[in-house]
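Biologist: I would like to go through the labels on this structure and hear what each one rests on.

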Amino acid sequence: MTFHLEGDLGAGKTTLVRGLLRALGYAGRVKSPTYTLTEIYEFPSFQLYHFDLYRMHDPREWLDAGFREVNDGSVVSVIEWPQKAAGWLPAPDVTIRLRIADDGRDVECEAASPRGARYLEACCADC
Ligand SMILES: Nc1ncnc2c1ncn2[C@@H]1O[C@H](COP(=O)(O)OP(=O)(O)OP(=O)(O)O)[C@@H](O)[C@H]1O
Ligand SMILES: [Mg+2]
């Protein structure tokens, strides 16, 4: 699965990933990958790759940041600033857009593949 996270600086992308990791039971520190481009989290049946491409200067850096693994069946990719490597990234299954709204955030989720649509349907069934 590939999630693209869109939203201005400070829109809450990293905070959303932190919440996702907490919900998955990860209790350790969740650092923003602003300087490292990638942070990797291991779960029993998959790895979560958290990318932040904001400071990427050349899309080729994406190759070093984990490009080779993202199409493995066991990798879930969550990508902040995907537009910085447009054309190099895997197509998203789900695009999540965040917008600052007073002291909270508006969120919009859009399925971009059949798999993404199934995922969002399953999420909504739980709501
Ligand atoms: N849902 C929310 N409600 C209130 N405050 C939030 C929410 N999400 C994030 N914030 C606050 O907004 C600030 C920026 O959040 P965050 O670092 O997650 O943004 P970001 O989109 O990842 O920014 P960047 O593009 O710089 O990586 C933080 O102080 C965070 O606590
Ligand atoms: Mg961030």
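Biologist: How many residues does the hairpin between S2 and S3 pass through?
Modeller: In this predicted model, the hairpin from S2 to S3 runs through four residues. The two strands are antiparallel and share five bridges. One of the pairs is Ile40 with Tyr49 of S3.

Biologist: What makes S2 and S3 a pair of strands?
Modeller: Pairing requires at least two bridges found by DSSP. S2 and S3 have five bridges, so they meet the requirement of at least two.

Biologist: In which sense do S3 and S4 run, parallel or antiparallel?
Modeller: S3 and S4 run parallel, joined by six bridges. Tyr49 faces Ser77 in S4, and Tyr49 is also the partner of Ile40.

Biologist: Why is S3 called mostly covered?
Modeller: Five of the six residues of S3 are buried. A residue is called buried because 20 or more other C-beta atoms lie within 10 Å of its own.

Biologist: What is Leu53 in contact with, apart from its neighbours within four places in sequence?
Modeller: The contacts of Leu53 are Leu37, Trp62, Ile79, Glu80, Trp81, Pro82, Lys84 and Ala85.

Biologist: What makes Asp102 exposed?
Modeller: Asp102 has 6 C-beta neighbours inside 10 Å. The limit for exposed is 12 or fewer, so Asp102 counts as exposed. Asp102 belongs to the turn of the hairpin formed by S5 and S6, which has two residues between the strands, and its phi is positive, about 50°.

Biologist: How many bridges hold S5 and S6 together?
Modeller: Eight bridges join S5 to S6, and the strands are antiparallel. Among the pairs are Arg99 with Asp106 and Ala101 with Gly104. On S1, S5 pairs in the parallel sense over four bridges, including the one between His4 and Thr95.

Biologist: How do you know that the buried residues of H1 lie on the same side?
Modeller: The buried residues of H1 are Lys13, Thr14 and Val17. They span an arc of only 95° around the axis, so they are on the same side of H1. In general, an α-helix has 3.6 residues a turn, so residues three or four places apart point the same way.

Biologist: Which strands do the buried residues of H1 pack against, and which residues are on the face turned away?
Modeller: The buried residues of H1 pack against strand S1 (2-6), strand S3 (47-52), strand S4 (75-80) and strand S5 (94-101). The face turned away from the buried side carries Gly19, Arg22 and Ala23, which are exposed. After H1 comes Gly25, with a positive phi near 100°.

Biologist: What does H1 give to the shell around ligand 1?
Modeller: H1 gives the most, with three residues. Helix H1 (13-23) and strand S6 (104-111) each provide at least two residues of the shell. Of the 15 residues around ligand 1, the nearest are Gly12, Lys13, Thr14, Thr15 and Arg105.

Biologist: How do the shell residues divide by kind?
Modeller: Three are nonpolar, seven polar and five charged.

Biologist: Why is Ala125 called exposed?
Modeller: Ala125 has 7 other C-beta atoms within 10 Å. Exposed means 12 or fewer, so Ala125 is exposed. Ala125 is in helix H3 (residues 114-125). From Ser113 it is 12 residues away in sequence and 18 Å away in space, C-alpha to C-alpha.

Methods:
Residues are numbered from 1 along each chain as its sequence is written. Chains are lettered from A and ligands numbered from 1 in the order in which they are written. This is a predicted model: local features need pLDDT of at least 70, side-chain atom pairs count only at pLDDT 80 or more; totals for chains, interfaces and linings use all residues. A residue is near a molecule or strand if its C-beta atom, placed from the backbone, lies within 6 Å of it. Ala, Val, Leu, Ile, Met, Phe, Trp, Tyr, Cys and Pro count as nonpolar, Asp, Glu, Lys and Arg as charged, and the others, Gly among them, as polar. The arc is that of the directions from the helix axis to the C-beta atoms. Two residues are in contact if their C-beta atoms, placed from the backbone, lie within 7 Å.
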